[in-house]
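Me: I would like to learn how to read a model like this one. Can we take it feature by feature?

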Amino acid sequence: MSAVAEEYITEDGRKIGAVVMEMKNITLKFGGVVAIQDISFDIRQGEIRAIIGPNGAGKSSMLNVISGFYHPQEGEVWYKGARRPTMRPYQVAAQGIARTFQNIALFEGMSVLDNVMTGRLTHMNTNMFQQGLWYGKARAEEIANRQKVEEVIDFLEIQAIRKTPVGRLPYGLKKRVELARALAAEPSILLLDEPMAGMNVEEKEDMSRFILDVNDEFGTTIALIEHDMGVVMDLSDRVVVMDYGKKIGDGTPDEVRNNQDVIDAYLGVAHD
Amino acid sequence: MSEQFIWGIEVFLNGLMAGVLYALVALGFVLIYKASGIFNYAQGVMALFAAMTLVGIMNGQVPFAHLINAIFGTNVHHFGWHVPAFLAILLTAGVMVGFAWIVQRFIFRHLVGQEPIILFMATIGLAYFLEGVSDLMWNSEIKKLDVGLPQGINLAIDDFTYGIFDYGFFIDNLDIVATIIAAILVLALTIFSQYSKQGRAMRAVADDHQAALSVGVSLNFVWIMVWSVAGFVALVAGIMWGTKSGVQFSLSLIALKALPVLMLGGFTSIPGAIVGGLIIGVGEKLFEFAIGPMIGGATENWFAYVLALIFLVFRPQGLFGEKIIERV
């Protein structure tokens, strides 16, 4: 077992825990195309872990492997100290891994409140008959979960739009609602696929603040993909850099910034 | 008050009652369409199958008797017992859940992500298959269905209206019962889909498969649930129509009556199915009553479709259908 269990304190004084998820030699192919090639990295409790890389590097594929949407041909996923068997996405969600999508996957026809309530589905245990009777346990459960949802809505400052159908919201707010839905699940790991794509500066600042607050206040472990380098370097504790499906760098933002392979991948290499 | 007017009221009331029965069938369509985007052509046949199964169980018929006799050279037709209506309805509901599981496991699970037209074709296939299975299982004779629902003229209404108008209205007890049951069913389904955990999961799946998966919803479970509920609605519709006009092949054709109801009410709205059913029911009865004699009658055969066509031109999403909002 390679799990290094010690905790440590980062440069800016944040406490990072033991390894909670470990990807071991993951290879993912689509037919002849190799999307991810033999990549290993870990995610530690309480950290913000960024995955960066140029377009088509395989970042989203990696996130999809973690959340069970894709199944790698080779390699193992270790979660909370045990090897995870091949799982369907809804089973992964039930294990406490929530995610958002690059192209926003919300329930457009439902209100913001209902959307965020779906985030609580994995926490609701009453069966169909109890729900049908809507008495006692089912009702208590709904009320408790609704309370949690209201907290999340307050936290992300979307009280004003809670009854609005999601289809009517502008892009930036949709992104925030999607984050709210993922947060409502009280995940152990939160996966964010380009949480700031297509946002203006102000919206990006808001989103960055929310991500930091979530990590700070709830101690949620976050793995995110982002293109905005400034944001990534500011937010994350550790960064994985991918290029053409391979890992070319892994370390603190400073280490990554000074890595020659990373610089080459982003700026190009002179061919002589 | 003129006689014509009083008769008009009676026709109106009877139209409402007929409309409720249309709505019941339409409801089955809406449920499946909402949750899985599948237009289930087999809904009418499901009602037939449910009604035949119910009668078969009540009468203690041996399922697949014809087949068994042909293969083993036996001559069995009946178990020789009669199952009480209530128990038989429960058993039939169980059969419909089993049917839902089979449909999901062997057909639609393999068609996830296919074009709507492919899914539609699959339901057409399912409809004919189920029709054959129904006949093979319970034979194709016309059967009488009596689960103890009251039938015949309601004397209270007859007396009451006679006192007011000097003319007694003819309202069938069965229609009144159907109306009450349909109302309860609709109310229950609406509340279930709006406020329960499973209802929310159902709406989530209808909206976005990927997103539903990511919050921990099992698509398979939701689809089996939805087909079960649709099967149950088909059972209720089968009981009502079967009691009214006997359990026979033509029962499956009520599905065609549900089409204009859906166009009117919108494919995605449960209240729409109800209001659409009522409008069609009342509309065709009143039209037949007022205009029918002038143009030679038999307007009930086409009135609903013409009304639906007019609606398609002016309001393609139906009365209550989801508005097509597109942000560009």
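Reply: Start with one residue. With 19 C-beta neighbours inside 10 Å, Asp243(A) counts as partly exposed. The cut-offs are these: buried means 20 or more other C-beta atoms within 10 Å of the residue's own, exposed means 12 or fewer, and partly exposed lies in between, with C-beta atoms placed from the backbone. This is a predicted model: local features need pLDDT of at least 70, side-chain atom pairs count only at pLDDT 80 or more, and totals for chains, interfaces and linings use all residues. Residues are numbered from 1 along each chain as its sequence is written, and chains are lettered from A and ligands numbered from 1 in the order in which they are written.

Me: Which residues does Asp243(A) touch, not counting residues up to four places away in sequence?

Reply: A contact needs two C-beta atoms, placed from the backbone, within 7 Å. By that test Asp243(A) touches Gly53(A), Pro54(A), Ala57(A), Ile248(A) and Ala265(A), leaving out residues up to four places away in sequence. Sequence separation is another matter. Phe218(A) is 25 residues from Asp243(A) in sequence, and their C-alpha atoms are 32 Å apart.

Me: In which strand does Asp243(A) lie?

Reply: Elements are DSSP runs, numbered from the N terminus: helices are H or I with at least four residues, strands are E with at least two. Asp243(A) lies in strand 11 of chain A.

Me: How do I read strand pairing there?

Reply: Strands of a sheet pair through backbone hydrogen bonds, either parallel or antiparallel. Here, two strands count as paired if DSSP finds at least two bridges between them. Strand 11 (residues 238-243) of chain A pairs in the parallel sense with strand 5 of chain A, over 4 bridges. Ile52(A) has Val241(A) in strand 11 of chain A as its bridge partner. Strand 12 (residues 246-251) of chain A pairs with strand 11 of chain A in the antiparallel sense, over 5 bridges. There Asp243(A) stands opposite Lys246(A). The hairpin of strands 11 and 12 of chain A has 2 residues between the strands, and Tyr244(A) takes a positive phi near 45°.

Me: What about the faces of a strand?

Reply: In a regular strand the side chains alternate between the two faces of the sheet. Take strand 5 (residues 48-52) of chain A, where 5 of 5 residues are buried. Ile48(A), Ala50(A) and Ile52(A) are on one side, Arg49(A) and Ile51(A) on the other, and both faces are covered. Strand 5 of chain A also pairs in the parallel sense with strand 10 (residues 221-225) of chain A, over 4 bridges. In that pair, Ala50(A) stands opposite Leu224(A).

Me: What is the strand order in the open sheet of 4 strands in chain A?

Reply: The order is 4-3-6-7, with antiparallel pairing. Strand 4 (33-44) and strand 7 (82-83) of chain A are the edges, each pairing on one side only. Strand 3 (residues 19-30) of chain A runs antiparallel to strand 6 (residues 74-79) of chain A, joined by 5 bridges. Glu22(A) has Trp78(A) in strand 6 of chain A as its bridge partner.

Me: Now a helix. Which residues of helix 5 of chain A are buried?

Reply: They are Ala138(A), Glu142(A), Val149(A), Val152(A) and Ile153(A). They cover an arc of only 95° around the axis, which puts them on the same side of helix 5 of chain A. That arc is taken from the directions from the helix axis to the C-beta atoms. On the other side of this helix, Ala140(A), Ile143(A), Gln147(A), Glu151(A) and Asp154(A) are exposed.

Me: How do I check the length of a helix?

Reply: The expected span is 1.5 Å times one less than the number of residues. For the 19 residues of helix 5 (residues 137-155) of chain A that gives 27 Å, and the end C-alpha atoms are 27 Å apart, which agrees. Just after this helix, Glu157(A) takes a positive phi of about 55°.

Me: How many helices and strands does chain B have?

Reply: Chain B has 13 helices and 0 strands. Its radius of gyration is 21 Å, close to the 20 Å that the globule rule gives for 328 residues, so chain B is as compact as a globular protein of that length. The radius is taken over C-alpha atoms, and the rule is 2.2 Å times the number of residues to the power 0.38. Buried residues make up 43% of the 328 residues in chain B.

Me: How many residues of chain B are in contact with chain A?

Reply: 20 residues of chain B are in contact with 29 residues of chain A. Helix 8 of chain B gives the largest share of the chain B side, 7 residues.
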